[in-house]
Amino acid sequence: MEDTAEQLNISNSVTLPNLAYTSACRRSHVNYKYRKAFVTNSLRHLQQQVALAAKTGITPSKMTPQLVFVFCANGVNFKGICRTLLSSEPVFRDKCKEIEMLFQQYVPISLLGLTEGECEDFSGPEIAQPLLFTLQVALTSLLKHWGIKPVVAVGHSVGEVAAAHCGGFLSLEDAVKVIYHRSRLQAKVTGGRMLVVGNVPVQEVSEALGPYSGKVCIAAFNSPSSCTLSGDADSVSALQKELAQVFSKRDIFLHVLHVPAAYHSHMMDPIIKEMMEHLQYLEKQKPEIEVISTLTGKVASADDFTTGKFWARHARDPVAFTQAIVTSAKEKDNVVFVEIGPGRALQRYIIETLGKETRVLSSLQTDKEYQTLLKV
């Protein structure tokens, strides 16, 4: 690195593409014990990074990281997302087009045009769920093309559909079928409210739900100190005020989610029967990697994802994300979590569950697509 830093200082003929090609394709890596990767967009920036790295002491490399792909759920911002990947990465773009064609067998929707068009509201499940699924599957396809593969997959709520497909449990056709019927039916349900509660032990929040039995429930166990409540709008609002007062001295975090319905609550009951009927004939596949289901918090079996009963429960029952994350890291060394989807919605929950030393990487940030993705 010292030689590279000096060369960048004195040479006027070096270009970034030529340097990247020479370093990756024209140098033998057999005789080097340590390697260093840089994410950069200019020679000046690279020069600064290399000079800094040359002054840093060498740290012995650990064993190969064991990657856990974590697929996020609804609530992310899609506006303008993936413009760079769609224009520059054929693998990503082609997978998006393939999925779009499968969805068009059910409904005339232009998924790729949504992020560039006039759509301002992505909160509706009939838009958000197909779009999120498409981006997640295309993203994992691109990472796989680059040789980056997980040993485990976990999906928070609707993210489990993409996780099940990427783990080999569902064919792409069946995964699209699940997303289509799940999103279509959930779009029929409106009303209610969802509230994220943080910085307070979930057990204490659960104890406060007694008077609201049948009206408010825990929709997602996000971490030991964070959960999502779901139910009747008036009851959730009343509970929000109560929690703010009771935990006023404990820096409680309260955030109302911008969603059209109270998912994972009794408000899903009217669509459960129809969901079971439409999703009861899914073809069993041979799994490729381990998938931890956030319905149970346990390792999924090959039969779990192929029944309408499973997906109906998945839409109605709480998300056992905390337990799933604990299970995913059990008896593994050098685990690195990669959040699959826009933003960092799950990073805090994973760290709160496993500790501050846990490594969680993002895979997609608007306007920083390559800078974020290449750090994986």
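Reader: What is the strand order in the open sheet of four strands, and how do the strands pair?

Author: The order is β4-β5-β3-β6, with antiparallel pairing. β4 (216–223) and β6 (253–256) stand at the edges with a single partner strand each, so one side of each has no neighbour in the sheet. Mind you, this is a predicted model: local features need pLDDT of at least 70, side-chain atom pairs count only at pLDDT 80 or more, and totals for chains, interfaces and linings use all residues. Residues are numbered from 1 along each chain as its sequence is written, and side-chain values use heavy atoms, with hydrogens and water left out.

Reader: How do you know that β3 and β6 pair?

Author: Pairing takes at least two bridges found by DSSP between two strands. Four bridges join β3 (residues 193–198) to β6, so the antiparallel pair passes. In it, G198 stands opposite F253. Strands (E, at least two residues) and helices (H or I, at least four) are DSSP runs, numbered from the N terminus.

Reader: Which helix lies across β3, β4, β5 and β6?

Author: That's α11 (residues 233–246), running at about 20° to β3. Such angles run from 0 to 180 degrees between N-to-C directions, using lines fitted to C-alpha atoms, for helices over the stretch in contact.

Reader: Why is C227 called buried?

Author: Buried means under 20% relative accessible area, exposed over 50%, and partly exposed in between (1.4 Å probe, protein chains only). C227 comes in at 0%, so it is buried. C217 has 22%, so it lands in partly exposed.

Reader: What makes K95 and E98 a salt bridge?

Author: The rule wants a side-chain nitrogen of Lys or Arg within 4 Å of a carboxyl oxygen of Asp or Glu. K95 and E98 meet at 3.0 Å, N to O, so they qualify. They sit three residues apart in helix α5 (residues 90–103), about one helical turn. The structure holds nine salt bridges.

Reader: Why does E290 with K332 count as a salt bridge?

Author: The closest N and O atoms are 3.7 Å apart, so the pair still falls inside the cut-off. This one links distant parts of the chain: E290 is in strand β7 (residues 290–292), while K332 is in the loop between α14 (321–329) and β8 (335–342), 42 residues apart.

Definitions and conventions. Contact = heavy atoms within 4.5 Å.
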